[in-house]
Amino acid sequence: MLDINNVGVSFGGVHALSRVTFTMPDTGISALIGPNGAGKTTLFNVITGFVAPKEGTVKFAGKEITGYRSEQVFMEGISRTFQNLNIIPELTLRENMYLGFIGKEKPSALKTMLRLNRGYWKETTRRIEECMEFVNVTEYADMTPGSVPYGVLKNFELGRAVMSNPKLLLLDEPAAGLNLAEKENLASMVRKIQSTGVCILMVEHDMQFISSLAEFVVCLNFGQVIATGTYGEIRENKEVLKAYLGDEDA
């Protein structure tokens with residue numbers, strides 16, 4: 001599904017990524033772990049076209065997408081969430097969901113706003129309602145974000161990310177800021193999305209959350225891959241224990 005080959009990125013002489021290489025399974029849930037500054041989000045930005053690699057290639061579904069712009073990557077079937085919620089506070093969740101809807105055959109914004117393209121408007125509305133129901137946020141649809149629990153907003157972000165029916169969904173620290181019950185709910189939602197056939201790659205620091213979901217794990221440290229495998233294999237890797245879990249566990 002996703003092939004990363006010798007990817008390198010530098011910022012002002014600092015090597016953020018160096019010869020990063022791994023192949024993500026074609027199905028299931030995978031995870032990218034590592035300490036702060038390991039290069040996880042930078043790699044996400046390379047995959048999704050926000051950062052151009054200095055060297056190496058990115059292939060998705062057998063097609064090289066190295067250097068694609070973010071909108072081109074999106075059109076290939078890759079969607080993502082970000083570490084921070086990107087929700088307009090003055091708008092309701094439904095209105096935010098509408099702004100996030102990007103069809104693969106998009107009419108002009110003016111026609112949509114004026115409802116002149118009624119077929120597109122009807123399909124957009126149907127898809128929005130479907131996605132909100134899928135992630136269990138329908139009852140909050142007409143509320144602004146400030147009135148909605150944080151865990152619900154996390155579900156909303158997932159719903160917005162899957163509106164385009166992606167083949168691959170990248171989740172950047174989805175469990176950050178959630179309590180235990182909210183994490184369990186989010187984990188169920190991630191499994192629900194994966195069960196529809198969407199491949200998922202997530203960056204996450206919560207190892208318990210990772211262990212409950214990920215079938216394949218890649219560990220980065222100082223911009224390099226130091227281990228790949230199942231969670232059990234990663235958990236026993238001495239380099240991972242030193243870099244990520246602490247020397248006391250090694």
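I started at Ile4, which stands opposite Val58 in S4. This is a predicted model, so I'm reading everything below as such.

**Entry 1: the antiparallel sheet**

I looked up the strands around that pair. Strand S1 (residues 2-11) and strand S4 (residues 55-60) are joined in the antiparallel sense by five bridges. I then traced the sheet they sit in: an open one of four strands, ordered S2-S1-S4-S5, with antiparallel pairing.

Next I checked what packs here. H1 lies across S1, S2 and S4, and I get about 115° for its run relative to S1. I noted the buried ones: Lys40, Thr42, Leu43, Phe44, Asn45, Val46 and Ile47. I also jotted down Gly49, which follows H1 and has a positive phi, near 85°.

**Entry 2: the mixed sheet**

I moved on to the other strands. Six of them make an open sheet with mixed pairing, in the order S6-S7-S8-S3-S9-S10. Strand S6 (78-80) and strand S10 (224-229) are its edges, each pairing on one side only. From one strand to the next I have an average twist of 20°. Inside this sheet I picked S3 and S8: strand S3 (residues 29-33) and strand S8 (residues 199-203) run parallel and share four bridges. For Leu32, the bridge partner in S8 is Val203.

What does H7 lie across? I see S3, strand S7 (168-172) and S8 under H7, which runs at about 145° to S8.

H7 also meets a helix. The axes of helix H6 (residues 150-161) and helix H7 (residues 180-194) come within 10 Å, crossing at roughly 15°. That angle is under 35 degrees, which makes H6 roughly parallel to H7. I logged the crossing of H6 and H7 as right-handed.

I listed the contact residues too. H6 puts in Gly151, Lys154, Asn155 and Leu158, while H7 brings Glu182, Asn185, Leu186, Met189, Val190 and Ile193. Sorting the residues of this H6 contact with H7, I get five nonpolar, three polar and two charged.

Technical notes
Residues are numbered from 1 along each chain as its sequence is written. This is a predicted model: local features need pLDDT of at least 70, side-chain atom pairs count only at pLDDT 80 or more; totals for chains, interfaces and linings use all residues. Side-chain values use heavy atoms; hydrogens and water are left out. Axes are lines fitted to C-alpha atoms, for helices over the stretch in contact, and angles run from 0 to 180 degrees between N-to-C directions. Helices (H or I, at least four residues) and strands (E, at least two) are DSSP runs, numbered from the N terminus. Angles under 35 degrees count as roughly parallel, over 145 as roughly antiparallel, 65 to 115 as roughly perpendicular and the rest as oblique. A crossing is left-handed if the near helix is turned anticlockwise from the far one by less than a right angle, and right-handed if clockwise. Contact means heavy atoms within 4.5 Å. Ala, Val, Leu, Ile, Met, Phe, Trp, Tyr, Cys and Pro count as nonpolar, Asp, Glu, Lys and Arg as charged, and the others, Gly among them, as polar. Two strands pair if DSSP finds at least two bridges between them. Buried means under 20% relative accessible area, exposed over 50%, partly exposed in between (1.4 Å probe, protein chains only).
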